[in-house]
Amino acid sequence: MINVSETAKTRLSSLMSEEGFSIDKDYVRVGVKSGGCSGLSYDLSFDKNSVETDKVFEANDVRIVVDKRSFLYLVGTTLEFSGGLNGKGFVFNNPNAQRTCGCGESFSL
């Protein structure tokens, strides 16, 4: 399962609305792909559908889909949003990551 902080939920709701999605009906797709300076990077997008092999669940009233492969890397992760002076953006707090890069967008196990 992936957790979603209140600040991330607020930002996701705003972004989804801007892009023609609804936080009540559509999904936030969270995934992992090869790349980044640590080997794996996070992938975040919006989706109107899920497929049979997706893991589908709800966290803090946000509907999340994760492909089967990515789910293994993301179990227990909390999605947060940081709007501080040092930058703005979504932050993945992943307890499975043994190493992360300076930008926080990639990790390794």
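Q: What share of the 109 residues in the protein do buried residues make up?
A: They make up 40%. Buried means under 20% relative accessible area, exposed means over 50%, and partly exposed lies in between (1.4 Å probe, protein chains only). This is a predicted model: local features need pLDDT of at least 70, side-chain atom pairs count only at pLDDT 80 or more, and totals for chains, interfaces and linings use all residues. Numbering starts from 1 along each chain as its sequence is written, and side-chain values use heavy atoms, leaving out hydrogens and water.

Q: How much accessible surface does the protein have, and what part belongs to carbon and sulfur atoms?
A: About 6,300 Å², with 48% on carbon and sulfur atoms. The area comes from the Shrake-Rupley method with a 1.4 Å probe; for residues, only the protein chains shown count as cover.

Q: What are the elements of the protein, from the N terminus on?
A: The run is β-α-β-β-β-β-α-β-β-β-β. That gives 2 helices and 9 strands. Both are DSSP runs numbered from the N terminus: helices are H or I with at least four residues, strands are E with at least two.

Q: What part of the contacts with a separation of 6 or more comes from residues 24 or more positions apart?
A: The figure is 53%. A contact means heavy atoms within 4.5 Å.

Q: Why is S1 called an edge strand?
A: The open sheet has 3 strands in the order S1-S6-S7, with mixed pairing. Strand S1 (3-4) and strand S7 (89-93) each pair on one side only, which makes them the edge strands. Pairing needs at least two bridges found by DSSP between two strands. S1 and strand S6 (residues 78-82) have 2 bridges, so they meet that cut-off. They run parallel, and Val4 has Leu79 in S6 as its bridge partner.

Q: Where does helix H1 lie, and at what angle to S6?
A: H1 (residues 6-18) lies across S1, S6 and S7, at about 75° to S6. Axes are lines fitted to C-alpha atoms, for helices over the stretch in contact; angles run from 0 to 180 degrees between N-to-C directions.

Q: What makes strand S5 mostly covered?
A: Of its 5 residues (62-66), 4 are buried. S5 also has two partners described here: S2, running parallel over 2 bridges, and strand S4 (residues 55-59), antiparallel over 5 bridges. Val28 bridges to Ile64 in S5. Glu58 bridges to Arg63 in S5.

Q: What makes the phi of Asn60 stand out?
A: Phi is near 55°, a positive value in a residue other than glycine. Asn60 belongs to the hairpin of S4 and S5, which has 2 residues between the strands. Asp61 is in that loop between S4 and S5; its phi is near 65°, also positive and also in a residue other than glycine.

Q: Why is Asn60 called partly exposed, and what of Asp61?
A: Asn60 has a relative accessible area of 29%, so it falls between the two cut-offs. Asp61, at 48%, therefore counts as partly exposed too.

Q: Which residues have the most contacts inside the largest nonpolar core?
A: Val30, Ile64 and Val66, in a core of 24 residues. Such a core is a set of buried Ala, Val, Leu, Ile, Met, Phe, Trp, Tyr and Cys residues joined through side-chain atoms within 4.5 Å. H1, S2, strand S3 (40-47), S4, S5, helix H2 (68-74) and S6 give two or more residues each to this core. H1 has the largest share, 4 residues. In soluble globular proteins, nonpolar side chains tend to be buried together.

Q: Which residues does Val30 touch, not counting residues up to four places away in sequence?
A: Among them are Ile2, Leu44, Ile64, Leu74 and Phe92, along with Ser70.

Q: Why does Ser70 count as buried?
A: Its relative accessibility is 0%, so Ser70 is buried. Ser70 sits in helix H2. Beyond four places in sequence, its contacts are Val30, Gly31 and Val32.

Q: How do you know that the side chains of Ser70 and Asp67 make a polar contact?
A: The distance is 2.8 Å. A polar contact is a pair of N or O atoms within 3.5 Å; within protein, one must be able to donate a hydrogen and the other to accept it, and residues adjacent in sequence count only if both atoms are side-chain atoms.

Q: What does the side chain of Arg29 reach?
A: The backbone oxygen of Asn49, at 3.4 Å. Arg29 is in strand S2 (residues 27-34). Not counting residues up to four places away in sequence, Arg29 touches ones including Asp43, Asp47, Asp54 and Asp67.
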